[in-house]
Amino acid sequence: RYTVTVQGGARVADLDAELGRRGLMAVASSHPGVGVVGCILGGGVGYASRKHGLACDNVTGAKIVTADGRVRRCSGGGPGPGPGGKNED
């Protein structure tokens with residue numbers, strides 16, 4: 001199992017091309033024109049979903065900027081900041 005870091009603005013086509021060069025594929029949308037973040041927010045149903053789950057189920061963390069300008073790192077193993085998940089300032 002591998003972990004990939006993707007920055008904002010990356011499209012599924014970009015991710016597929018880069019991983020394909022290494023003989024890998026992502027659990028992501030089957031539509032190459034969609035952005036990776038949009039794919040994840042929409043669930044991320046793709047070719048490998050039956051075997052590996054949805055793209056949103058495979059996210060291990062995120063770095064976000066809140067409306068007030070704070071940078072937050074989010075990681076975890078469950079919904080929200082409760083048991084198994086954590087938000088780090």
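Predicted model: local features only at pLDDT ≥ 70, side-chain atom pairs only at ≥ 80, totals over all residues.
View 1. Ser49 belongs to helix H3, which spans residues 49–52. With a relative accessible area of 13%, Ser49 is buried, because the limit for that class is under 20%. Leaving out residues up to four places away in sequence, Ser49 touches Val27, Gly44 and Leu54.

**View 2. The largest nonpolar core.** Eight residues form this core: Val12, Leu15, Leu19, Ala26, Ala28, Val36, Cys39 and Ala55. Two or more of the core residues come from each of helix H1 (12–20) and helix H2 (36–41). H1 makes the greatest contribution to the core, with three residues.

**View 3. Surroundings of Val36.** Val36 is one of the residues of the largest nonpolar core. When residues up to four places away in sequence are not counted, Val36 touches Val6, Ala10, Arg11, Val12 and Leu15.

**View 4. Cysteines without a disulfide.** The number of disulfides in the model is zero. For Cys56, the closest cysteine sulfur is that of Cys39, at 8.7 Å. A disulfide requires the two sulfur atoms to lie within 2.5 Å, so the sulfur of Cys56 is too far from that of Cys39 for a bond.

How values were computed. Residues numbered from 1 in each chain as written. Heavy atoms only, no water. Core = buried A, V, L, I, M, F, W, Y, C linked by side-chain atoms within 4.5 Å. Buried < 20%, exposed > 50% of the residue type's maximum accessible area, 1.4 Å probe, protein only. Helix = DSSP H or I, 4+ residues; strand = E, 2+ residues; numbered from the N terminus. Contact = heavy atoms within 4.5 Å.
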